[in-house]
Amino acid sequence: MLSDVIDLLADPVDGTPLRAGDGSWRTLVSESGHSYDVARQGYVTLAGGAGLRYTGDDADMITARESFLSGGHFAPFVEAVSDTVNDVLDDAHVTEDDRPAIVEIGAGTGYYLAHTLDSVPGSRGIGVDVSVPAAKRLASCHRRVGAVVADAWSRLPLRDGCIDVLTVIFAPRNAAEFSRVLTPEGQVVVLTPEAGHLAELRAPLGIIDVEAGKVDRMISQASGYLVPVGDPESIEFVMRLDQASIAAQIGMSPSARHIHPKVLAERIADLPPVMEVTARATVTRLGRDPRTLGFNGS
Ligand SMILES: C[S@@+](CC[C@H](N)C(=O)[O-])C[C@H]1O[C@@H](n2cnc3c(N)ncnc32)[C@H](O)[C@@H]1O
């Protein structure tokens with residue numbers, strides 16, 4: 001709920017702290033007097049003056065994501081993210097009593113965030129997504145999650161230096177903002193798809209492959225704000241997917257927008273009833289570039 005994370009939230013316009021506007025959590029109000037309505041589903045839209053430039057995943061994509069993830073096909077990815085978050089917190093000596101603050105950017109349905117919070121005692125989380133259908137799911141994905149509609153490419157509605165771990169799973173990364181909101185010991189945990197991810201589906205369905213060198217590019221783009229911690233870890237496993245699961249997998253991805261639904265349905269119907277499909281991604285830990293830290297380490 002938003003009340004669990006209000007001490008982490010900030011006005012997207014000027015960064016001043018937010019508080020409950022009327023004690024009943026119907027609005028959030030900043031120190032500078034800006035007011036943001038809390039939707040009846042429990043999420044809040046925190047966008048600056050220009051509003052949101054993107055709409056993110058639409059309702060059909062979010063439904064497809066929920067359907068695919070509920071099949072447990074990505075369980076090894078979820079475990080890798082949760083384990084890495086726990087490693088980051090252990091390394092930073094953040095304990096249950098510290099109420100670890102975990103934020104997922106582009107959090108979708110909240111599947112990863114909810115699992116991560118379950119694996120970290122005492123933690124609370126913020127799911128940030130620019131998609132309203134996603135935020136509706138996020139608001140109810142876990143009792144310790146606050147759901148926020150915001151654009152990852154704008155000023156994040158988070159206070160400086162207060163987030164212990166930021167997770168980014170197949171979603172946009174804004175290194176400058178991530179560096180600003182992390183604690184000095186805080187880190188970003190990024191799950192990036194690798195070339196070969198879903199390889200067996202590419203040719204029959206006509207979807208494009210993940211380009212090679214994605215992780216190296218991500219690290220170089222973050223330079224000046226974030227630096228890698230340790231070596232990236234590759235995760236690869238084989239999923240057994242029936243046609244309905246394949247349809248959900250494609251429906252939750254950008255490919256869904258590029259192939260006519262009828263054509264896609266025909267191509268899926270031509271596949272074997274069950275296929276073995278490779279999942280391949282890399283987990284990378286990034287900490288604040290020491291050059292962004294002040295003399296007192298803050
Ligand atoms: C590929 S999905 C990943 C969702 C989730 N992390 C997962 O793996 O289940 C990417 C998510 O990022 C969101 N997104 C896209 N652009 C965004 C932006 N500029 N700011 C915030 N979220 C964004 C989409 O709405 C979508 O929910």
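**Close-up 1. Who lines the largest pocket, by residue type.** The lining of the largest pocket is made up of 25 nonpolar, eleven polar and eleven charged residues. Here Ala, Val, Leu, Ile, Met, Phe, Trp, Tyr, Cys and Pro count as nonpolar, Asp, Glu, Lys and Arg as charged, and the others, Gly among them, as polar. This is a predicted model, where local features need pLDDT of at least 70 and side-chain atom pairs count only at pLDDT 80 or more, while totals for chains, interfaces and linings use all residues. Residues are numbered from 1 along each chain as its sequence is written, and side-chain values use heavy atoms, with hydrogens and water left out.

The pocket holds about 1200 Å³ of space, and of its 47 lining residues, Arg65, Phe170, Met252, Ser253 and Pro254 are the closest to its centre. A pocket, on a 1 Å grid over the protein atoms alone, is an open set of points where a 1.4 Å probe fits, with protein on both sides within 12 Å along at least five of seven lines; lining residues have an atom within 4 Å of a point. Points are joined across faces, edges and corners, and the volume is the space filled by probe spheres set on them. At least two lining residues come from each of H2, E5, H4, strand E6 (124–129) and helix H10 (255–258). Helices (H or I, at least four residues) and strands (E, at least two) are DSSP runs, numbered from the N terminus.

**Close-up 2. The annotated binding site.** In UniProt, an unreviewed entry carries the annotation "binding site" on Phe74, Thr109, Gly110 and His197. Phe74, Thr109, Gly110 and His197 are included in the lining of the largest pocket. The UniProt positions are given in the numbering used here, feature names are shortened, and annotations may be inferred rather than shown by experiment.

Take Gly110 to begin with: look for it in the loop between strand E5 (101–105) and helix H4 (111–119). Gly110 counts as buried because its relative accessibility is 1%; buried means under 20% relative accessible area, exposed over 50%, and partly exposed in between (1.4 Å probe, protein chains only). Gly110 touches Leu138 and Cys141, not counting residues up to four places away in sequence. Touching, or contact, means heavy atoms within 4.5 Å.

Now for His197, in the loop between strand E9 (182–193) and helix H7 (199–205). His197 is buried too, at 6% relative accessibility. Leaving aside neighbours within four places in sequence, His197 has contacts that include Phe74, Phe77, Phe170, Arg202 and Asp209.

Close-up 3. Residues up to four places away in sequence aside, Thr192 touches Phe170, Lys214, Val215, Met218, Ala281 and Thr282.

Close-up 4. The whole structure has twelve salt bridges, each a side-chain nitrogen of Lys or Arg within 4 Å of a carboxyl oxygen of Asp or Glu. Side chains of opposite charge can pair when their charged atoms come close.

In one of them, the side chains of Arg53 and Asp151 meet at 3.0 Å, N to O. The two are 98 residues apart, with Arg53 in the loop between strand E4 (44–45) and helix H2 (59–70), and Asp151 in the loop between strand E7 (145–149) and strand E8 (163–169). Arg53 is exposed at 53% relative accessible area, whereas Asp151 is buried at 5%.

Glu66 and Arg137 make another salt bridge, with their closest N and O atoms 2.9 Å apart. This pair also links distant parts of the chain: Glu66 is in helix H2 and Arg137 in helix H5 (residues 132–138), 71 residues apart. Glu66 is partly exposed at 34% relative accessibility, and Arg137 is partly exposed at 24%.

Close-up 5. Arg180 pairs with Glu177 in a salt bridge, the closest N and O atoms being 2.7 Å apart. They are three residues apart in helix H6 (residues 175–181), so about one helical turn separates them. Arg180 and Glu177 are both buried. Asp160 joins Glu177 and Arg180 in a network of salt bridges.

**Close-up 6. Val238 in strand E11.** Val238 belongs to strand E11 (residues 233–242) and is exposed, at 52% relative accessibility. Beyond its neighbours within four places in sequence, Val238 is in contact with Glu276, Val277 and Thr278. Val238 and Leu198 are 40 residues apart in sequence, and their C-alpha atoms lie 9.3 Å apart in space.
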